[in-house]
Structures are given as structure tokens and as C-alpha cells.
Amino acid sequence: MLLIRRFYCSSQRISHIAKSNKRGDSLGIRGWIKNIRRLKNNTFLDIDDGSSSSRFQVVVPRNPETQNLTPGSVISAVGEIQVAPNGNFELHADRVESLAEGHLQDGYPFTPKQKHAPEYVREHLHLRSRVDYVAAQMRIRHKAQKAIHDYMDELDFVQINTPLMTTNDCEGAGEVFRVQPDSEELLKQMARPNVPAEQSYFDSKVFLSVSGQLHLEAMTYGLGNTYCLAPAFRAENSKSPLHLAEFYMFEAELAHLDELEKLAKFIEQMLKSITNRVLETSSEDLHFCQRNANASSDLPWLTVPWTIMSYDDALHVLQANKESLKTPISLDEGFTKDQELFLVSHCGTPVFVVDWPTQQKPFYMKITRNNPDRVHALDLLMPAVGELCGGSLRESDAATLSSHPQFPKDLSWYVDLRKYGGIPTGGFGMGFERYLQLVTGVKNIRDVIPFPRYPHSCKM
């Protein structure tokens, strides 16, 4: 056991080598061979262990043992750190052990050195973590989640694990997935009088959550500021590069919030802060993904104040420039992505569109007291992705909430929150994958989530 532990501790992740070693240090690494170059006396191995978008070079003597090494195989190598002619560290190995054969010739779908189209890579979800840009995306995803959790913790928000199964459709759009047992025998065993057979497990209709907002509100009324970062599900017939059937939502609820501009300011500061943290921890991976997506590495919105514009003013801008738009303007629905991006370009900054028509927004948004046709709601529009966040002040008056024409009949508990020591609250939701698209420049949302689910595709 001691020998095993000693060997394990001597192995390092490639991403740490340059930070914690110097020339002449002895260490070991483990990883996949991505490329092999054989010269007269030495063999050069490009090794990838999943920790960095940069390959690490291992130099081994050319002999019968190393002659059998092949791309895709897993090795462990122990040796001494040296400096290559390009100034990077490399490992001059005195011991190399093959841990697993690569078998790339036996149907492996990705050819070394070849750049494969994202559509093709998505056909092999179980293997795509071996593809450089996908691995970089997953590391950025991890660091972005950590940045969110760290930021919210520093502000004393309480993280809530909101349920994935719920009886409510938060947005009221009907874009929900039903949940019920697949066993008819189980449903028969649990049958009750006056309960439909398909509902016999829970005694009511149950759905996959479209949002954790209502549950967050319930927690906020006792805990103060709360947030969640959890899966959400939307049953939409959309193959857009900005939509998924299963995605992650970052949502926050702020207690004692009574001004929409304060919510906008919180969102702006939060996004700038977490993005700067991701830039600090993942600049190499970010630039790698941006280059791979042919996207700019410049994020000018980090250093400028963002615009706040009323819905009426935004509508006026669009109507004045309708000849420049690709889609018609509708007064009954929200803006299209084309129109959202036009507003961002017109203002030269991200845009908060505030004070929306009441009929376009859900029941829980606070109605403007001096204009019942408007609610205290905001949409945050960003470059490239359009709408990134949606939020509002929440209706805090129990009577006004109960009388809303779209108020669900089975949501009396939501009114109770206002009845028993109610406080003004507000909050927002952000599609986490859209945020990753924003900072990495990746065009298709299916490439920033490990296992994408969308219409006609739920693999693995």
C-alpha cells in the first residue's frame, strides 16, 4: 500500500506541471497518446490527460519497448523535467508503462490530427470528451459553476436544491414533460378511488420542472436571499442552436427588493464578476474554444455600463428600423432573436429591456400600480445569444395575485407566502448553457453541455 501511494503522489496532472515544477524535478504523468513522432534515437509522445488544452511532450528512447506504443494508448511515464527548444517543459522519461491499448484502428470514430465537425462529434457522445474542444468546454463549464457558487456564497446567498419533479408549470406555457411510472402493474397496485389511473402514483399530475423559481421564493420567505443551479426541462419542438429540452438554469431570489433597477444592477455586477473569474482560471481553454469557433476573444461588455431601456422605447427603436430587421414585429409576443441582437447592436452594449406588457408575462410578475398594462419585468439581451436572463419583481400583494386571470387554481400555497409575513422580492433566471455560449463563442448550445437532449435526440 505504501508503494502504491508513493507512486500515485508522484504523478501530476499536466495542467499543474508548469505551475509547480522546475527543470530537473522528477515526476510521473499518466495520459493518452495523441500523437507520436519517431526520430533516429528518440520517440516524442504528445500526451493528453484531460486537464489542459495544451499537449505535453514526453521524450523516450527509441527501442523495441517504445516502438510498440500507438496513438490512443494510455501510458504512465516517470522521468525528469527538462526544457524543450520552444521553452516549454517536457518530460525525459526513463520508464514508460503501457496501461491500456488504444485500438484506434478498430472502429474508433475520430482520426488523430483531423478536425471533425461538431455535428459528427455529437453522434458519438460517449467518446466526445476525447475531442480537444469538447474537453475544454467541460473544464470551462466546471470553472463557471464554481465561480457562480463562490460569488453567491460570498454574498451570503443560500443555495437551494429545488425539486426536479413538481405539480406546477411555473411559466404557464404548457411546455412540460409528464412524469409517471412506466409500470402499469405498479399503477394498478397504487390505484385510488376518483384518481385517474395514470396519476395513481402521486395522486395528481406531475411534471419535470421548467424552473425552480416558485420553490426558491418559498425558501426566500424564510431564509432571505437564495439561489439554485439546477436542471430545467422544456418540451419545445425547437432545433434552434439556442434551445435544449434539458438544460441548466441559474436562478436567484432577492429578499426585500422593491426596485427593478436594483435587480438589473445585481445581474450586471454578477455576470461581470463571474466572467472575470472564469477568465482568471480558464483563459487558455477560453481562447482555445474561441479560436476553434472562429469567435472573437474580446468581451467588451465587461468594461462598459449596460443600457436600461423600457419596452416602449425598445419597440420604438425597432419600428423605426424595421427595414433592417429580418423578422416582423409582433405586439402580442416578445422580440425575436434578430430583433434582440439589433437592439444590442443599436445600443453598443448589453441591454436590459424593462417594464413589459402585462399580457406577455407570467402571473407572478408585479403589475405597475400606475399602469396596469405593464409589469416590473426585465429581459437582458447580450451579443450573439440574445436573451440571456429574464427576471422581475414578484407580485407581493395577495389579493392582486389571487385575482390575476392566469393565476393557477392549485397554487394557493403561493398566495400564503404573501399572507403570512409577506415581503417584497424579486429575482431572475439565466440559461447556463447560453452563458457558456456567450463567453466561448460556440455557435451551437449542444456543444456546451456534456449530454445534449433535444427533439428526436436523447442518446445514452
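**Close-ups of a predicted model**

View 1. Arg-141 belongs to helix α5, which covers residues 132–154. Where does its side chain find a polar contact? The side chain of Glu-433 is the partner, at 2.8 Å. Once neighbours within four places in sequence are set aside, Glu-433 also turns up among the contacts of Arg-141, along with Tyr-248, Phe-432, Leu-436, Val-448, Ile-449 and Pro-450.

**View 2. Strand β13 and the two strands it pairs with.** β13 takes in residues 374–382, and eight of its nine residues are buried, so the rest of the structure largely encloses this strand. Strand β12 (residues 351–357) pairs with β13 in the antiparallel sense, over six bridges. To find your place in that pairing, look for Val-351, which sits opposite Leu-381 of β13. Strand β14 (residues 386–393) runs antiparallel to β13 too, again with six bridges. Here Leu-378 faces Gly-391 of β14. β13 and β14 make a hairpin with three residues between them, and Ala-384 in the turn has a positive phi of about 70°.

View 3. Zooming out, eight strands make an open sheet with mixed pairing, in the order β6-β9-β10-β15-β14-β13-β12-β11. Which strands stand at the edges? They are β6 (158–159) and β11, and each has a single partner strand, so one side of each has no neighbour in the sheet. Helix α8 (residues 260–292) packs on the sheet and touches β10 (246–255), β11, β12, β13, β14 and β15 (425–431). The direction of α8 makes about 20° with that of β13. Helix α9 packs on the sheet as well, touching β11, β12 and β13, but its direction makes about 90° with that of β11.

**View 4. Helix α10 and what covers it.** Which residues of α10 (residues 337–347) are buried? The set is Asp-338, Gln-339, Glu-340, Phe-342, Leu-343 and Val-344. Their cover includes β11 (307–310), α9 (311–320), β12, β13 and β14.

Key:
Residues are numbered from 1 along each chain as its sequence is written. This is a predicted model: local features need pLDDT of at least 70, side-chain atom pairs count only at pLDDT 80 or more; totals for chains, interfaces and linings use all residues. Side-chain values use heavy atoms; hydrogens and water are left out. Helices (H or I, at least four residues) and strands (E, at least two) are DSSP runs, numbered from the N terminus. A polar contact is a pair of N or O atoms within 3.5 Å; within protein, one must be able to donate a hydrogen and the other to accept it, and residues adjacent in sequence count only if both atoms are side-chain atoms. Contact means heavy atoms within 4.5 Å. Buried means under 20% relative accessible area, exposed over 50%, partly exposed in between (1.4 Å probe, protein chains only). Two strands pair if DSSP finds at least two bridges between them. Axes are lines fitted to C-alpha atoms, for helices over the stretch in contact, and angles run from 0 to 180 degrees between N-to-C directions.
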